[in-house]
Amino acid sequence: MYNVHMQRVNNKCARLRECFDMNGKITVNIMGVGKVEAECGVSLFELSEKYAEKFLRPALIARVDSELHDLSHKMLFDSDIEFLDIKNPQGFRAYQRGVAFLMIYAAKEVLGKKTRVVISHSINKNYCCELPEMEGSITDELLSKIEKVMRDTVEKDLPLEKHAISKEQALHICEELGFNDKISLLKYRHNQTYSFYNLGWFYNYIYGEMPPCTGRLGQFKLIKRAHGFMLQFPNAANNYELVELAPENRLSEVFAESNRWARIMKTDTVGALNDRLCQSGSGEIIRVAEALHEKKIALLADRIMQEQRSIVLIAGPSSSGKTTFASRLGVQLRVNGAIPHVISLDNYYLNRDDCPRDEDGNYDFETIDAIDTAQINKDLRDLLDGKRVEIPRFNFYAGRREYNGNYLKLTEADVLILEGIHGLNERVSGGVPSDDKFKIFISALTQINLDDHNRIPTTDARLMRRMVRDFLYRGASAQVTIDMWPRVLLGEIKYIYPCQEHADAFFNSALVYEMSVLKQYAEPLLFGIEPDEPQYTEARRLIKFLSSFLGVPSETLPPNSILREFVGGSCFTH
């Protein structure tokens, strides 16, 4: 690995020498433009401006070979360049960061430079924000003032400038602006310098690349909400225009509850979590987080028994921990005198040859049409009618459903637990009376952020879980998991999330400490992805993200933890 790295460094140095030998000229291959000659040292911003007519939308950041850069980056040797706009996932993240930066600046302009602004979580790619010192007193008038400053700043098209500053300077800036959360975060980083961006007097540490100027950030809106306000971004499904936001839903309540709990435990940011780990170790954090899960699961079991539901349906996106949750719920139902039977919806997949394919010709395992919904409905009705039913098991190696004499007959004491990504879809249980069903939606809703302004996407947490599990137990490399992840997310948006509002209850499977554990497993997989592989850009982003966490050994996890489903050692594994 070291020799390969040094060879790449030597190649770049040779190319740089060649550039100087050519009187300061380099050749860059710009996607959508082709190969062009440019001055050595030209910035990406200058190139994006020169060839702006070639692109439909303004460039926000760029991919140079395999690395992401903001547009201040200077080109010193021949390279491949791809300018990324808001339609690219990485470009959209940069847009979100830029608008959030603008919002924080505007809030401090209106309320004072030490005003605390918190980006707590995201719903449908819009940011839920809070002003903790003004809880309960945020008005539409105040938001209008902040939004006016934002729009005036966009109109002025001011630069968002990047600065490499020393750790001492960074900590001084954070103290001046009241960024106590960033002081805690930066003290655990090994860097000698940090990248801060500024907008006039305002400086801030931002995780990831930023757009070049405020003039490229015209689409946003601030909307009052119960616990603060929503920072709304353009919608991909509406050609990146703003759409009318839906009213607050129950998912917002779950997020708010998780955030309150994290603050009570003083683990709402990575810096705060690291402080707790240094002061008292991981034991108490793990015990309390796991106890909270157990309490929530026990309350759900009590409710199921009180309402006399005979079938529990569990659904949620990939890597939410559905399997372990179902088993733990079964234990709590036993405590209440019930006899639980857990069945995975995966066992009702169509045989591989009958499985539908996507537009690329690949098997589409995310669609509800990959499930034999007619058979599962028949089996559920027969079980409720007291009939004896043979439950299949899907052989993933052979790609077919098999019947091996696993019969089930329900009595009055039995509760059937059916878990799978489509568990709440009415096509799965449409023939079962509503009074017999209890629906639970489970997801890993991250309640910890890097700091007040840099949030951790819930999709990143689930990607990390799945990457580790796929490597340890499914023989899949990190490259394979990263490659298929966008398709998984599209399937969730289309088939899973629309069903969540039909749930009787929600369960948040996220654990505040889990990234500190997953770090030990994920980092070697990500470092193993080479620069010439297409997954390298995403791997570098995730490595940088994990570097903020102190590690926690997995040996300290209880055997029934949901996290055991991904790192191994679960007491529910047969």
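E426 is partly exposed, with a relative accessible area of 40%; this class lies between buried (under 20%) and exposed (over 50%), judged with a 1.4 Å probe and protein chains only. The structure is a predicted model, in which local features need pLDDT of at least 70 and side-chain atom pairs count only at pLDDT 80 or more, while totals for chains, interfaces and linings use all residues. Residues are numbered from 1 along each chain as its sequence is written, and side-chain values use heavy atoms, without hydrogens and water.

E426 forms a salt bridge with K439, and the closest N and O atoms are 2.7 Å apart. A salt bridge here is a side-chain nitrogen of Lys or Arg within 4 Å of a carboxyl oxygen of Asp or Glu. The pair links distant parts of the chain: E426 sits in helix α12 (residues 426-429) and K439 in strand β20 (residues 437-443), 13 residues apart. Helices (H or I, at least four residues) and strands (E, at least two) are DSSP runs, numbered from the N terminus. K439 counts as buried, at 10% relative accessibility.

A second salt bridge joins the side chains of R462 and E492, at 2.9 Å from N to O. This pair also links distant parts of the chain, with R462 in helix α13 and E492 in helix α14 (residues 478-496), 30 residues apart. R462 counts as buried at 1% relative accessibility. E492 is buried too, at 1%.

E284 and R276 form another salt bridge, with 3.2 Å between the closest N and O atoms. E284 is partly exposed, at 38% relative accessible area. R276 is buried, at 13%. Elsewhere, salt bridges link R303, E307, R309 and D504 in a network. The whole structure holds 35 salt bridges.

Helix α13 spans residues 458-473 and includes Y473. Together with F471 and L472, Y473 makes a nonpolar surface patch of about 310 Å². Such a patch takes residues with over 30% relative accessible area and no salt bridge, and joins nonpolar side chains (Val, Leu, Ile, Met, Phe, Trp, Tyr) within 5 Å.

The protein chain contains 17 helices and 21 strands. Its C-alpha trace spans about 85 × 55 × 45 Å along the principal axes. Of the 574 residues, 55% are buried. The chain exposes about 26,200 Å², and carbon and sulfur atoms supply 50% of it. Contacts are heavy atoms within 4.5 Å. Among contacts between residues at least 6 apart in sequence, 71% join residues at least 24 apart.

Terms used
Patch = residues over 30% accessible without salt bridge, like charges linked within 9 Å, V, L, I, M, F, W, Y side chains within 5 Å. Areas by Shrake-Rupley, 256 points an atom, 1.4 Å probe, with all protein chains shown as cover.
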